[in-house]
Amino acid sequence: MTTLRRATLDFLRSSALAAAFTTVTIGALFSTHLLRQLMGDAGYGAVITGLCVIGAGMIVARRRELRVFEIMPTLLLLFLLWLLLTVFWSRSTGATLGGWLQIAAPTFLAVVVAQFRDTLQTVRATGDVLRALLVGSLAIEILSGILLDLPVPFLGIAGNLAEGGPIQGLFGTRTMLGLVTILALITFLVEWRTRSVSTGLSVFSVVLACLLAVFTDSPIVLGMALIAGLATGILAIVRRTPPERRTALQWAIAGALAIGGILVFTFRRPIVYWLNAEPDFLTRSRLWNEILDMAALRPVQGWGWVGSWPDNLMPYYFIRGATGREHGSALNAWMDVLLQAGAVGVVLFVGFAGLALARAWVTASERRSTVYTWPALVIITLLADSVVTSSLLGGFGWFLLVVCATRASLVRGWRSGLDTGPESPGWRMPRGTVP
């Protein structure tokens with residue numbers, strides 16, 4: 001082995017590269033809007049492609065640490081394969097392949113991060129990235145809305161901070177900023193509880209996230225905050241319950257949540273009125289009705305996976321014409337899956353997300369360390385957001401879902417019970433060991 005090759009392999013196997021790779025990947029995915037506005041789609045694509053190449057190099061260099069059946073959850077693999085198969089009946093092969101890459105790239109990056117960084121290391125990297133982006137968001141909103149009193153059109157910033165919002169920060173829309181602030185708040189609180197950062201930095205981070213969430217002035221953000229807060233409270237109760245009574249409590253909570261879901265659906269109009277979300281609700285209701293009509297024409301296989309809706313392609317331009325709005329998605333991840341991947345895609349997606357949540361919740365209930373609550377709370381927040389946006393199906397939303405699902409499957413999945421001894425065909429070296 002040449003000196004250069006050995007040095008390259010040592011570099012690809014190093015924990016320093018894994019740490020840097022995780023931080024840069026999370027930063028790039030959370031900065032999607034900012035990078036696209038600054039570099040264009042081609043520049044952003046080059047960044048993601050470069051990260052995928054580095055990730056592939058890390059996997060090759062550290063392949064002896066991995067077991068093939070631990071790479072990703074089985075239902076995730078089946079879901080991705082089904083989305084790729086839709087190329088055979090899509091109206092545009094190019095659009096389908098491009099849409100598939102939009103979800104395949106963050107999947108691959110998430111798998112690399114989940115394999116080479118543990119949950120606490122991922123939380124720390126996410127916290128560092130979100131702190132920087134939220135500080136940057138507040139700074140540019142102050143500059144635009146107070147110091148200059150001018151909007152920043154190319155970043156989508158309206159400059160409304162002086163009027164109390166809504167603000168968009170570096171994320172393009174107030175809803176996206178709101179989702180990021182809720183994820184950041186969960187991350188910062190886990191950092192605080194695990195003492196990963198100083199108390200002063202934790203307090204500053206929590207206050208920053210809360211402040212920006214308030215200035216989004218979004219009823220959707222309020223709803224997500226209520227759901228995340230409810231989930232946190234329930235999880236805290238479950239974790240403090242003796243193990244012999246925990247199962248009964250879990251079933252009682254599941255029943256109560258089912259009843260609550262029925263009540264919310266039954267009284268959805270008064271709730272929408274109370275949240276002052278009538279315009280958003282009416283827009284989505286009309287859009288979803290059109291989507292259901294078009295999905296009924298191809299109920300099993302869908303129209304072909306394209307990710308973000310392309311221009312001048314059936315049925316998306318028809319839906320835009322019928323609603324009179326330039327929608328780029330279904331504003332609901334489940335509706336998007338139904339329209340593009342049909343009932344088969346919905347079943348696989350429900351199975352993947354549901355199993356990921358179940359595994360993460362049980363792990364958070366049983367493990368003492370607070371860090372195990374992070375995957376469960378992140379998945380719950382992302383699923384709550386998926387009802388009103390499609391951000392779960394790409395970018396940082398999909399990345400976080402896959403990371404949490406993969407980590408949960410490594411702890412609670414069927415793989416964890418397999419023989420890992422040196423005689424097993426699936427044996428891998430302990431993580432961190434250089435072969």
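Leaving aside residues up to four places away in sequence, T25 touches L51, L109 and F399, where a contact means heavy atoms within 4.5 Å. The model is a predicted one, in which local features need pLDDT of at least 70 and side-chain atom pairs count only at pLDDT 80 or more, while totals for chains, interfaces and linings use all residues. Residues are numbered from 1 along each chain as its sequence is written, and side-chain values use heavy atoms, with hydrogens and water left out.

T25 sits in helix α2, which spans residues 15-30. Its relative accessibility is 0%, so T25 counts as buried (under 20% relative accessible area, with exposed being over 50% and partly exposed in between, using a 1.4 Å probe and protein chains only). Buried residues make up 50% of the 435 residues in the chain.

Zooming out, the chain has 16 helices and 0 strands (DSSP runs numbered from the N terminus, H or I of at least four residues for helices and E of at least two for strands). Of the contacts between residues at least 6 apart in sequence, 74% link residues at least 24 apart.
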